[in-house]
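Here is a briefing on one structure.

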Amino acid sequence: MCGIVGYIGQREAYPILINGLKRLEYRGYDSAGVALTKNGHISIEKQVGKISALEKWIGDKSMDGTVGIAHTRWATHGEPNQTNAHPHSDTNNDIVLVHNGIIENYDTLRQMLISKGHVFRTETDTETIAHLIEEIYKSTDSFEEAFRAALLELDGTYGLVLITRHEPGKLYAARKGSPLVIGVGDGEYFVASDASAVLAHTRDMIYLEDGEFAVIDLNGYVTKTIQNKVIEKQVERVTFDLERIEKAGYDHFMLKEIYEQPRTVADCMRGRLMEEEGVARLGGLSDIMHNVMRARKIFITACGTSYHAGLIGEYMLEEYCRIPVEVEYASEFRYRDPIIQDDNLVIAISQSGETADTLAALREAKRKGATVMGLVNVVGSSIARETDGGTYIHAGPEIGVASTKAFTSQVTALALLNVMIARTKTMSAEQGRRIIQEMKALPDKVEQALKSDVLVQEIAEEFKNKTNFLYLGRGYNFPVALEGALKLKEISYIHAEGYPAAEMKHGPIALIDEDMPVVVIATKDSTYEKIISNIQEVKARKGRVIAVVSEGDEKLKHEVDYTIPIPTTFNFLQPIISIIPLQLLAYHIAVLRGCNVDQPRNLAKSVTVE
C-alpha cells in the first residue's frame with residue numbers, strides 16, 4: 001500500500017527521494033515524510049496530505065545529506081495526521097525507519113516495551129519496530145544483529161528501510177509480505193517498494209524475497225535471510241520505458257490508461273496467437289503444461305477488479321473447456337479451508353502481483369498440493385515468483401488507482417488460456433482459427449469503442465449529480481456490470497451496484513424510480529431478448545436507462561433514454577469491448593464532480609495488507 005524510497009550515494013538524497021515518492025504516490029497519499037543523515041545527525045520532516053504538502057512544509061529548510069529514506073502513506077494504524085506520518089523513530093531519534101505493511105503483534109510488543117520504560121509518540125504499529133530494535137541493541141554490540149533479532153519478533157507483514165546514527169553510512173532493508181527492490185547504480189544504491197520509483201537512475205534491480213534483509217553501504221550490499229544465512233541475489237534488468245508512466249498530455253493517468261487499451265490488448269496477445277494452428281501459446285506455462293491440461297477443476301482467486309476478470313474467465317473456461325471453475329475472493333478463499341486436490345489448478349490474478357490476500361491464497365493452495373498459476377502485470381512481483389508457472393498480461397505500468405487497462409488485459413490473457421486448453425479438448429482447428437482471427441481484431445474494436453467518448457461525456461453531464469446507479473448485465477456481461485459499478489464507486493463516490501439483470505426482480509427493483517439511472521449492457525447475444533424484457537421492467541417503473549448496445553441496433557434506440565453503440569465480437573470476448581464506455585462514464589462523472597480521479601479517497605493501488 002504505502003510507498004517507500006531510500007538512497008545512499010554521493011549525490012544529495014532529498015531530490016531523489018521526493019521524485020521517487022511522486023512516482024509512488026498512487027500507493028498512498030494520506031501523508032508523506034523524509035529523513036536524512038548528515039554529520040551523525042538525522043533530520044526528519046513529515047506532513048499530512050500529499051507529497052506537494054510535504055514539499056510546501058519543507059520550503060527553504062536545509063535538507064542536506066547523501067543518505068536518506070522517504071515514505072508516502074496509506075493509513076492502517078492511526079489516523080492520517082502529522083504525528084502518525086512516517087518516518088518513525090526510537091526514543092532519541094537514533095533509529096529512523098519507514099514501513100509498508102501491518103505488524104499484527106505490535107500491541108503485545110508495545111506493552112512489553114512500555115514496561116521497560118519506552119514512551120510512544122504515535123498510534124502506529126511502525127513506531128513499535130524502532131523501539132524494539134532500540135531495546136534489543138542495548139544488549140548487543142552489533143546493530144545488524146539487533147535489526148535481525150527484531151525482525152524475528154515481528155508477526156505480520158513489512159517492507160522496511162532504516163537509517164541509524166549508530167551506523168550513519170548504511171541503509172538497512174527487509175521484506176516480509178510487502179514488496180521491496182534494491183536499485184544498483186554506479187557507486188550508489190536505491191531502495192523502493194516499486195522499481196518505477198528509481199527507474200530514472202538505474203534499471204538494474206535486486207528483488208528481496210520474503211524473509212530476507214539487506215545491509216547497504218557505498219561499497220555494496222549484503223543480503224541475508226533472517227536466519228542469518230548469506231545469499232547471492234541476481235541483478236535483473238527492468239526493460240519498460242519511464243515514459244510509459246508519464247501522463248503524455250492527458251489530464252489524468254486513468255484517462256491515458258483507458259486510451260492505451262487498444263495497444264495493451266495487442267501487447268497481451270503479441271507472439272501468442274498461432275493463426276494457422278488456431279491455438280494460443282503461453283510460454284510461461286511450459287513447465288506446468290501437463291498439470292494445466294489434466295486439471296479436473298480450476299479455482300480462480302483474486303480481489304476487486306481482478307475478481308471480475310476471473311468471473312469472465314469462469315464463464316469462458318466452463319463453456320469452451322468443459323472444466324468446472326470456482327471463482328473466489330482471495331480474502332475468503334484463504335480462510336475457509338477450501339477443498340483442493342492435487343489435480344486442481346489454482347489461478348491467482350493480481351495486477352500488482354503483491355496483493356496480500358491473493359498471495360496468501362496461492363500459498364494455501366500450494367500447501368494443499370494444487371498447481372498454482374499466476375496471472376499478473378508486474379514483472380518480478382511476488383506472485384510471479386511464487387507460482388509454479390503463469391503469464392504476464394503486459395499492460396505496462398498502471399498508475400491510476402482505479403484499474404482499467406489491466407482489466408481488459410487480464411480478460412485477454414484468460415481468453416488466450418481458454419483457447420489453449422480448449423484446442424486440446426473439444427475445439428476444432430477451424431473454430432480456433434475463427435477465434436484467433438477475431439482476437440486479432442480486438443484492438444481495432446476497442447479503438448472504435450473509444451469513439452463513444454463524446455457521447456459518454458454528454459451522458460455524464462446529465463447524470464453527474466445522481467446518488468445511486470444500478471448496472472445490469474447477463475451472461476458474460478454480468479461481470480462487466482459489476483466492474484462498471486465498481487469503477488463509478490471508486491472514483492466518483494456515487495453508490496452503485498451491479499446485478500444480473502434477471503435478479504433485479506428479486507429486490508433491487510424496489511429502488512427504481514425516475515431518479516435511478518440504470519446502466520444496461522445489452523449487446524446482441526443469446527440473452528438479448530431477455531434483457532430487453534428486463535429493460536422494459538425498468539422503464540415501467542420510470543427508471544432512466546443508459547444502454548450499451550451493438551452497433552446498428554435500432555430496436556433498443558426507441559426503448560431507452562440513451563444508447564452507446566459498440567462493436568461486437570464473440571460473446572466471451574465481448575467484455576473487453578463492453579467495459580470501455582463504462583470506464584469512460586465513471587471517469588467523466590468523477591471529473592465533473594471534482595473528484596481526484598487518479599487518487600480516490602481511502603484507496604491505494606496495491607493492497608499489500610489484509
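A residue is called buried under 20% relative accessible area, exposed over 50% and partly exposed in between, with a 1.4 Å probe and protein chains only. Helices (H or I, at least four residues) and strands (E, at least two) are DSSP runs, numbered from the N terminus.

The model is predicted: local features need pLDDT of at least 70, side-chain atom pairs count only at pLDDT 80 or more, and totals for chains, interfaces and linings use all residues. Residues are numbered from 1 along each chain as its sequence is written, and side-chain values use heavy atoms, with hydrogens and water left out.

**The antiparallel sheet around S7**

- Two strands pair if DSSP finds at least two bridges between them.
- An open sheet of 7 strands runs in the order S5-S6-S7-S8-S12-S13-S14, with antiparallel pairing.
- Strand S5 (88–89) and strand S14 (230–231) are the edge strands, and each pairs on one side only.
- S5 meets strand S6 (residues 95–100) in the antiparallel sense over 2 bridges. Ser89 stands opposite Val96 in S6.
- S6 and S7 run antiparallel and are joined by 6 bridges. Here Val98 stands opposite Val161 in S7.
- On S7, Tyr158, Leu160, Leu162 and Thr164 point one way, while Gly159, Val161 and Ile163 point the other way; all are buried.
- S7 and strand S8 (residues 171–176) also run antiparallel, with 5 bridges. Leu160 stands opposite Ala174 in S8.
- A hairpin of 6 residues links S7 to S8.

**The parallel strands around S26**

- Strand S26 (residues 544–550) is largely enclosed by the rest of the structure, because 6 of its 7 residues are buried.
- Strand S25 (residues 517–522) pairs with S26 in the parallel sense over 6 bridges. Pro517 stands opposite Arg544 in S26.
- S25, helix H18 (residues 528–539) and S26 make a right-handed β-α-β unit. Right-handed means that, with the strands pointing away from the viewer, the path from the first strand over the helix to the second runs clockwise.
- S26 also pairs with strand S27 (residues 562–566), in the parallel sense over 5 bridges. Ala547 stands opposite Thr563 in S27.

- Helix H16 (residues 453–463) has Asp453, Val456, Ile459, Ala460 and Phe463 buried.
- These residues cover an arc of only 115° around the axis, which puts them on the same side of H16. The arc is that of the directions from the helix axis to the C-beta atoms.
- Exposed Val454 and Glu458 are on the face of H16 turned away from its buried side.
- Glu260 is in the loop between helix H6 (253–259) and helix H7 (261–269). Its relative accessibility is 10%, so Glu260 counts as buried.
- The C-alpha atoms of Glu260 and Val446 are separated by 9.8 Å, with the residues 186 apart along the chain.

**Aromatic contacts**

- Rings of Phe, Tyr and Trp (its six-membered ring) pair if their centres lie within 6.5 Å; planes under 30 degrees apart count as stacked, over 60 as edge-to-face and the rest as tilted.
- The whole structure holds 14 aromatic pairs.
- One of them is Tyr137 with Phe143, edge-to-face at 5.5 Å centre to centre and 75° between the planes. Tyr137 is partly exposed at 22% relative accessibility, whereas Phe143 is buried at 2%.
- The rings of Tyr315 and Tyr476 are also edge-to-face, because their centres are 5.8 Å apart and their planes at 65°.
- Tyr315 lies in helix H9 (residues 304–321) and Tyr476 in the loop between strand S23 (468–473) and helix H17 (477–492), so this pair ties together parts 161 residues apart in sequence.
- Tyr315 is partly exposed at 28% relative accessibility, and Tyr476 is buried at 9%.
- Tyr137, Phe143, Phe147, Tyr172 and Phe213 form one aromatic cluster.
- The charged end of Arg110 sits over the ring of Phe120, 4.3 Å from its centre. That label needs NZ of Lys or CZ of Arg within 6 Å of the ring centre and within 35 degrees of the ring normal.

**Cysteines**

- A search of the whole structure finds 0 disulfides, a disulfide being a pair of cysteine sulfur atoms within 2.5 Å.
- For Cys303 the closest cysteine sulfur is in Cys2, 18 Å away, too far for a bond.
- Cys303 is partly exposed, at 24% relative accessible area; Cys595 is buried, at 14%.
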